[in-house]
Amino acid sequence: MLATRALRLVGKRAISTSACLSGGHGVAKVEAYTLPHYSDRQDNPLPDIRYVQNLSPEQQSLKEKEMGSWSTLSNEEKIALYRISFKQSFAEMNSGSSDWKTVVGGIFFFLGLTGLLVFWQRKFVYGPVPHTFEPEFKAKELQRMLDMRMNPVEGLASKWDYENKEWKK
């Protein structure tokens with residue numbers, strides 16, 4: 001009785017699954033992200049599938065030889081077996097890459113482009129520097145602020161000695 005119920009549930013599950021797959025419109029397309037894929041990552045040392053999927057005749061004979069004693073295998077054969085399953089070793093994954101050169105080159109390229117843009121703007125977009133930035137005008141402005149005793153508690157006038165006409169020490 002229990003066995004019949006279990007088989008009946010399994011049968012219903014198989015029918016409902018196949019109906020979902022077909023959807024009444026044929027077989028559904030399998031999306032690429034649902035399939036197992038190979039990736040060399042330190043946090044996932046055992047990928048879902050082997051690196052080499054379609055073995056050559058030499059690799060097939062090597063896989064058959066693998067079933068026997070490993071002491072009969074040479075180091076080259078062991079490395080070849082490893083390369084069938086994995087693209088890189090941990091040492092190769094840990095070794096540095098030269099990607100930083102591309103990043104630094106891109107940064108310098110955009111800094112140079114920005115410098116050219118700023119130079120072009122100063123030359124052709126902005127007008128002449130206002131007269132208020134000239135040193136003579138700045139000196140007159142400072143003297144006027146001191147004469148008016150602007151901000152005498154904590155500001156500019158508090159740092160000027162009016163009796164000796166010089167900055168306080």
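Colleague: Why is tyrosine 82 called partly exposed?

Modeller: Its relative accessible area is 31%, and partly exposed is the class between buried, under 20%, and exposed, over 50% (1.4 Å probe, protein chains only). Tyrosine 82 is therefore partly exposed. The model is predicted, so local features need pLDDT of at least 70 and side-chain atom pairs count only at pLDDT 80 or more, while totals for chains, interfaces and linings use all residues. Residues are numbered from 1 along each chain as its sequence is written, and side-chain values use heavy atoms, with hydrogens and water left out.

Colleague: What makes phenylalanine 86 count as buried?

Modeller: Its relative accessibility is 18%, and buried means under 20%.

Colleague: Why is the pair of tyrosine 82 and phenylalanine 86 called tilted?

Modeller: Rings of Phe, Tyr and Trp (its six-membered ring) pair if their centres lie within 6.5 Å; planes under 30 degrees apart are stacked, over 60 edge-to-face, and the rest tilted. Here the centres are 5.0 Å apart and the planes stand at 35°, so the pair is tilted.

Colleague: Why are the rings of tryptophan 120 and phenylalanine 124 also described as tilted?

Modeller: Their centres lie 6.3 Å apart and their planes meet at 45°, so this pair is tilted. Tryptophan 120 is partly exposed at 46% relative accessibility, whereas phenylalanine 124 is exposed at 59%.

Colleague: How do you know that a charge sits over the ring of tyrosine 162?

Modeller: The rule requires NZ of Lys or CZ of Arg within 6 Å of the ring centre and within 35 degrees of the ring normal. The charged end of arginine 149 sits over that ring, 3.9 Å from its centre.
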